[in-house]
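Q: I have a structure to go through with you. Can we take it piece by piece?
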Amino acid sequence: MSNVFANVWKVQDLRKKVLYVLLILFVYRIGANIPLPGVNIQSWIILRTGFTGQTLIATITGGGFGTLFAMGIGPYITASIIMQLLTVAVPSLEQLKKEGETGNKKIEKITRYLGLVMAFFQSVGMIFAFNNAGLFLYPNMLTYSIAVISMVAGTMFVMWLGELITEKGIGNGISFMIFANILSGVPGGVMGLYHEARFGNIVTVIFVVALVILFIALIVFAVLVNAGERRIPVQNSKKMIGSGGAYQNSGGNTSYIPLKVNIAGVMSIIFALSLLQFPTLMQTVFQNNNTLNTVVDHLQITMPVGAILYVILIIAFTFFYTSFAINPTEMAENMKKNGGFIPGIRPGKPTSDYISKTVHRLSWIGAIFYVALAMIPVIFQWISGIEVGFGGTTLLIVTGVALEIVKNLESQLITRHYKGFLQ
């Protein structure tokens with residue numbers, strides 16, 4: 001990995017892209033620390049310093065208590081989940097998806113508008129929470145309206161920054177945003193563990209050391225899961241090509257179809273978290289509803305009910321997202337058209353069934369691995385009583401995005417290497 005970054009720094013074009021991404025992330029982190037207009041600065045500093053209600057999905061999507069980027073990219077992620085569901089239920093959207101790049105651009109445009117609507121409703125809910133916390137200096141409709149407009153504009157600005165990283169940077173902008181959000185919370189988590197070890201007894205120190213070792217093991221395990229793949233061998237049939245009596249054999253080579261252990265990746269975890277934290281969003285509006293407060297308390301991932309539901313949602317969204325990413329019937333048809341076949345499997349429906357069965361097994365393996373990685377730190381917290389500032393879920397996301405960044409950089413290095421060779 002160090003060699004990749006060293007080589008990237010030597011290429012002027014890639015170096016500019018990396019610096020461009022860092023500049024955008026710097027702007028993003030500044031916006032996440034600018035208070036909303038109309039807030040009482042002293043109250044904002046006190047509330048933000050002592051704010052402990054940050055949920056896991058809030059840590060991932062970004063933002064900050066009472067800031068311009070308070071919602072981060074949360075509304076966009078919610079809109080993406082809704083669009084994924086609608087593409088199954090609405091035939092017109094399903095048809096758009098089949099149109100390829102043109103259809104995907106239209107779906108992305110609809111997702112942005114839906115994200116704008118979600119940002120408005122979520123900002124209104126946050127205004128209730130901020131007002132009840134005594135954050136505003138002059139609590140009136142004008143202040144509330146300006147705050148809502150500011151937060152919605154902040155979210156749209158964050159979405160635009162993500163698109164800039166995608167277009168002019170080195171990869172998926174949304175992934176970079178999530179990556180930056182999680183890393184910004186790592187120093188606080190490390191300091192929390194340091195204080196636990198410094199002011200605790202010998203048992204606490206042992207638990208902290210064990211937790212550090214556990215996180216290192218989880219990182220290694222996460223890298224193995226992300227890099228793991230099942231390769232389905234494909235044999236291409238030989239063809240006779242040529243004319244005028246001069247014929248020669250073509251084809252007959254062996255290739256393979258690489259299928260990742262968890263095709264859904266971290267998206268299944270992000271989708272599960274978004275759905276699990278929806279009652280928390282409703283709580284910001286209906287704070288005096290005792291029933292809702294009880295539901296929210298039990299749906300925390302550190303609680304047994306929330307943990308079980310979290311596990312179920314990860315598994316369900318793994319299979320749901322995989323159904324979008326892999327189309328066994330289309331893969332079998334393309335293989336048949338190109339004269340390819342899986343050794344021992346007949347072309348057509350048997351090939352489709354074989355690929356579908358393989359993907360189904362991989363989805364189970366990947367989902368179980370991801371559930372284990374996400375829940376081991378939670379179980380450790382139950383046993384030790386030490387509150388973990390960052391867990392297996394965030395480690396999975398950071399590891400996955402980091403590997404994605406390295407792969408993107410490697411591919412761009414290879415592209416530029418071949419360009420230089422051809423010239």
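Q: What covers the buried residues of α15?
A: The cover includes β1 (229-236), β4 (254-260), β5 (340-341) and α16 (349-384). Contact means heavy atoms within 4.5 Å. Helices (H or I, at least four residues) and strands (E, at least two) are DSSP runs, numbered from the N terminus.

Q: Which residues of α15 are buried?
A: P328, A332 and M335, in a helix that runs over residues 328-337. They fall within an arc of 65 degrees seen down the axis of α15, so they line one face. The arc is that of the directions from the helix axis to the C-beta atoms. Buried means under 20% relative accessible area, exposed over 50%, partly exposed in between (1.4 Å probe, protein chains only).

Q: Where do these numbers come from?
A: This is a predicted model: local features need pLDDT of at least 70, side-chain atom pairs count only at pLDDT 80 or more, and totals for chains, interfaces and linings use all residues. Residues are numbered from 1 along each chain as its sequence is written, and side-chain values use heavy atoms, with hydrogens and water left out.

Q: What phi does G339 take?
A: A positive one, about 75 degrees, just after α15.

Q: Switching to α14. Which residues are buried there?
A: G306, A307, Y310, L313, I314, F317, T318, T322 and F324. Down the axis of α14 they fall within an arc of 160 degrees, so they line one face.

Q: What does the face turned away carry?
A: Exposed residues I308 and S323.

Q: And the whole chain, how much is buried?
A: Buried residues make up 42% of its 423 residues. The chain has 17 helices and five strands.
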